[in-house]
Amino acid sequence: MQPRHSFDAVDLPHRLLTWYDRHARILPWRARPGEPADPYRVWLSEIMLQQTTVVAVAPYYQEFLRRWPTVQALAASDLDAVLHAWQGLGYYARARNLHRCAQVVTQDYGGRFPSDEAELCRLPGVGAYTAAAIAAIAFGRRATVVDGNVERVIARLFAVTTPLPAAKAELRRLAESLTPGDRSGDYAQAIMDLGATVCVPRKPKCLLCPWAEACAARAAGTAEALPAKAPKAKKPTRHGVAFWAVNEAGAVLLRRRPETGLLGGMIEVPSTDWRSAPWTVEEATALAPVPASWVPLAGRVRHAFTHFNLELTLLAGRVAEAEDDGAGLWCPIDRLSEHALPTVMKKIARHALGKS
Ligand code: SF4
């Protein structure tokens with residue numbers, strides 16, 4: 001498939017780079033013109049930007065750099081401190097991998113990120129997109145970044161009508177066919193910027209687009225309908241019961257989740273499994289983390305995860321002094337904010353304290 005006009009694969013990158021020279025977004029993690037990009041900064045920003053917006057990431061990025069200015073400093077820090085600083089960015093597995101990756105780079109690579117895409121891919125938490133972004137932006141390697149923004153631009157430029165996700169391989173091949181050998185880092189950032197600011201999901205600004213004359217979807221009037229997407233399956237709902245246990249000193253029971261799985265290693269308010277069928281109070285109390293006389297609280301806590309919606313009911317119980325040994329971590333209620341609680345756990349706490 002070809003873009004509709006006579007521009008060839010050499011001309012398209014050139015046009016995009018010329019546009020980028022004038023319209024590049026100014027972002028805190030971007031190197032100034034003429035300065036080489038620092039791989040640590042590129043990596044840190046790319047991990048943070050996975051599934052999160054530029055606006056949301058900026059203050060976190062600045063704070064991480066202030067506290068951990070080098071990959072060695074991050075590797076030497078306490079994991080809990082990293083998780084705490086990550087609070088609000090979601091997807092905590094990324095923060096855990098960030099910390100592990102810093103340790104691998106420090107211990108196995110002498111504190112220098114590898115420049116090879118395949119080798120980068122072997123680092124914890126670094127997938128194909130991030131590896132390509134680091135290779136291109138930090139090291140100037142010819143590497144093709146393909147994320148949702150790039151898929152949209154390419155699907156429109158070539159009018160690819162196959163729905164996602166089936167179209168992924170084709171879109172990658174087409175994106176690779178355009179990637180230039182020179183200025184690969186600028187090109188990667190340019191195509192990201194084009195997708196973020198011009199070839200936006202709704203109402204693409206084709207009049208401002210350096211690829212407008214070559215764009216097949218624009219010519220066909222189908223830009224806004226692309227990329228086509230297969231209909232989404234409805235998200236299932238899972239149910240659980242959380243235990244708000246308070247001891248005689250007025251502290252609430254928390255514990256650490258298993259290292260693997262959803263919210264791995266995070267601090268939680270204890271709960272039953274999250275399953276497809278709702279729980280009865282009797283079923284749940286049989287699984288309570290400590291003996292207490294449990295009272296259901298009115299209302300529910302709802303939280304949307306990527307692959308399912310969660311509905312939790314709460315049981316509150318007072319725990320006698322003799323029973324609170326070894327159950328987990330008892331945290332004074334006014335010190336809950338000192339723990340890196342995931343958002344769903346904060347919702348539980350707010351609900352139990354009558355603040356939701
Ligand atoms: Fe996107 Fe419009 Fe540019 Fe085509 S012309 S790539 S649809 S902004």
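**Questions about a predicted model**

Colleague: Is K203 buried or exposed, and what is its relative accessible area?
Modeller: Relative accessible area is taken with a 1.4 Å probe on protein chains only: buried is under 20%, exposed over 50%, partly exposed in between. K203 counts as exposed, because its relative accessible area is 64%.

Colleague: Happy to hear it! What should I know about the model itself?
Modeller: The model is predicted, so local features need pLDDT of at least 70 and side-chain atom pairs pLDDT 80 or more, while totals for chains, interfaces and linings use all residues. Numbering starts from 1 along each chain as its sequence is written, and side-chain values use heavy atoms, leaving out hydrogens and water.

Colleague: Where is K203 found, and what is its phi?
Modeller: K203 belongs to the loop between α11 and α12; helices (H or I, at least four residues) and strands (E, at least two) are DSSP runs numbered from the N terminus. Most residues other than glycine have a negative phi. K203 is a residue other than glycine with a positive phi, near 50°.

Colleague: And R183: what is its relative accessible area?
Modeller: R183 is in the loop between α10 and α11 (184-198). Its phi is positive too, near 50°. R183 is partly exposed, because its relative accessible area is 37%.

Colleague: Which residues does the cis peptide bond with omega near 0° join?
Modeller: Most peptide bonds are trans. P227 sits in the loop between α12 (216-220) and β1 (237-247). The cis bond with omega near 0° runs from L226 to P227.

Colleague: Which residues have the most contacts inside the largest nonpolar core?
Modeller: A nonpolar core is a set of buried Ala, Val, Leu, Ile, Met, Phe, Trp, Tyr and Cys residues joined through side-chain atoms within 4.5 Å. In this model the largest one has 103 residues, and those with the most contacts inside it are W43 and W211.

Colleague: Which helix gives this core its largest share?
Modeller: The largest share is nine residues, and they come from helix α8 (residues 128-139).

Colleague: Lastly, which residues surround the ligand?
Modeller: A residue counts as near if one of its heavy atoms is within 4 Å. The ligand is surrounded by R156, V198, C199, C206, C209, A212, C215, R218 and A223.
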